[in-house]
Amino acid sequence: CARVLLLRSVEGREHWPDVSEAHLLASLEQWLGPYLDNINSLQDLKKLDLGAILGALLPWEQQQRLNELAPTRMRVPSGSKLKIDYSETPPVLAVKLQEMFGCEETPAVADGRVPLLLHLLSPAQRPLQVTRDLAGFWRSGYREVQREMKGRYPKHPWPDDPAGSTA
């Protein structure tokens with residue numbers, strides 16, 4: 001739902017359905033009702049795949065466009081495919097700082113229209129920096145992080161030119 005709502009805000013209401021909590025609650029009988037015919041217990045209810053049921057609100061072509069414009073995962077310079085958290089505004093990509101070496105621009109979704117909020121993490125997965133401006137971080141904030149982390153994590157790379165280094 002969060003992915004659809006993001007695209008609805010970027011591309012316009014006429015292109016994407018309203019899947020807000022208020023609208024879904026008001027229209028439960030239409031979108032959920034058909035799936036409740038054989039539900040006789042709480043266990044049966046728990047077995048429902050709400051993701052698939054909500055996905056069925058979109059035609060196949062629109063599901064493909066959703067996956068293209070608002071992917072659930074993004075490949076970072078290290079090669080890892082990391083999950084994007086769309087429950088936040090803007091969407092969040094939590095990634096180890098070293099996995100972003102070699103990337104000069106902030107990753108974005110929605111055809112580049114929505115930059116992700118990067119949570120750059122230490123090797124211990126603790127936040128070092130939160131930014132929507134990766135290039136600016138490499139130019140200014142990285143030096144302080146590098147100085148502090150080099151002593152704490154000496155086995156990990158802390159290059160002087162992170163944007164030009166290999167992840």
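## Cysteines

Buried means under 20% relative accessible area, exposed means over 50%, and partly exposed lies in between. This structure is a predicted model. Cys1 has 41% relative accessibility, so this residue counts as partly exposed. Cys103 has a relative accessible area of 14%, so Cys103 is buried.

A disulfide is a covalent bond between the sulfur atoms of two cysteines. Here the count of disulfides is zero.

## The sheet

Strands of a sheet pair through backbone hydrogen bonds, either parallel or antiparallel.

β1 pairs with β2 (residues 81-85) in the antiparallel sense, over three bridges. Met74 stands opposite Leu82 in β2.

## Aromatic rings

The whole structure holds five aromatic pairs. One of them joins Phe137 and Tyr142. Their ring centres are 6.2 Å apart and their planes stand at 85°, so the pair is edge-to-face. Both Phe137 and Tyr142 are buried.

Trp138 and Tyr142 also form an edge-to-face pair, 5.5 Å centre to centre with 80° between the planes. Both lie in helix α7, four residues apart, about one turn of the helix. Trp138 is buried, as is Tyr142. Phe101, Phe137, Trp138 and Tyr142 form one aromatic cluster.

Methods:
Residues numbered from 1 in each chain as written. Predicted model: local features only at pLDDT ≥ 70, side-chain atom pairs only at ≥ 80, totals over all residues. Heavy atoms only, no water. Disulfide = S-S within 2.5 Å. Buried < 20%, exposed > 50% of the residue type's maximum accessible area, 1.4 Å probe, protein only. Pairing = 2+ DSSP bridges. Helix = DSSP H or I, 4+ residues; strand = E, 2+ residues; numbered from the N terminus. Phe/Tyr/Trp six-rings, centres within 6.5 Å; stacked < 30°, edge-to-face > 60°.
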